[in-house]
Amino acid sequence: MCGATKGGLDLKGVDVDKEAVIQGQVLRGDEPVGGAYVRLLDSTGEFTAEVPTSATGHFRFFAAPGSWTLRTLAPKADPVDRQVVAQYGEVAEVAVTV
């Protein structure tokens, strides 16, 4: 996990033109949710990867271009699914509220 900076994750050292980046933050109300888990599921719903959120609720995936589902699992919350499209040259920013 890359270090979080104020306002989001730092993209220093990431060649966005050559990477399909999916990143975001998990929130409960206005508060970040550290220690949640975000899963990356492919277009068929198959599990691909999982990362824990940072203390500031941030997460990041480097994915192949295409359609993905983010499944967020947080304490005392139902799972939340969000659809996202990853593309080279773009950062898909996703805010997840649990």
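Is Leu 70 buried or exposed?

**View 1. Leu 70 in strand 8.** This is a predicted model. Leu 70 sits in strand 8, which covers residues 66-73. Its relative accessibility is 0%, so Leu 70 counts as buried; the cut-off for buried is under 20%.

**View 2. The surroundings of Leu 70.** Apart from neighbours within four places in sequence, Leu 70 is in contact with several residues, among them Ile 22, Val 38, Leu 40, Phe 59, Phe 61, Val 84 and Val 94. Val 96 is 26 residues from Leu 70 in sequence, and their C-alpha atoms are 9.2 Å apart in space.

**View 3. The salt bridge of Arg 39 and Glu 50.** The whole structure holds two salt bridges. In one of them, the side chains of Arg 39 and Glu 50 meet with an N to O distance of 2.6 Å. Arg 39 belongs to strand 5 (residues 37-41) and Glu 50 to strand 6 (residues 47-52), so the pair ties together parts eleven residues apart in sequence. Arg 39 is partly exposed, at 30% relative accessibility. Glu 50, at 34%, is also partly exposed.

**View 4. The salt bridge of Arg 71 and Asp 81.** Here the closest N and O atoms of Arg 71 and Asp 81 are 2.8 Å apart. Arg 71 has a relative accessible area of 29% and is partly exposed. Asp 81 counts as partly exposed at 39% relative accessibility.

Methods:
Residues numbered from 1 in each chain as written. Predicted model: local features only at pLDDT ≥ 70, side-chain atom pairs only at ≥ 80, totals over all residues. Heavy atoms only, no water. Helix = DSSP H or I, 4+ residues; strand = E, 2+ residues; numbered from the N terminus. Buried < 20%, exposed > 50% of the residue type's maximum accessible area, 1.4 Å probe, protein only. Contact = heavy atoms within 4.5 Å. Salt bridge = Lys/Arg side-chain N within 4 Å of Asp/Glu carboxyl O.
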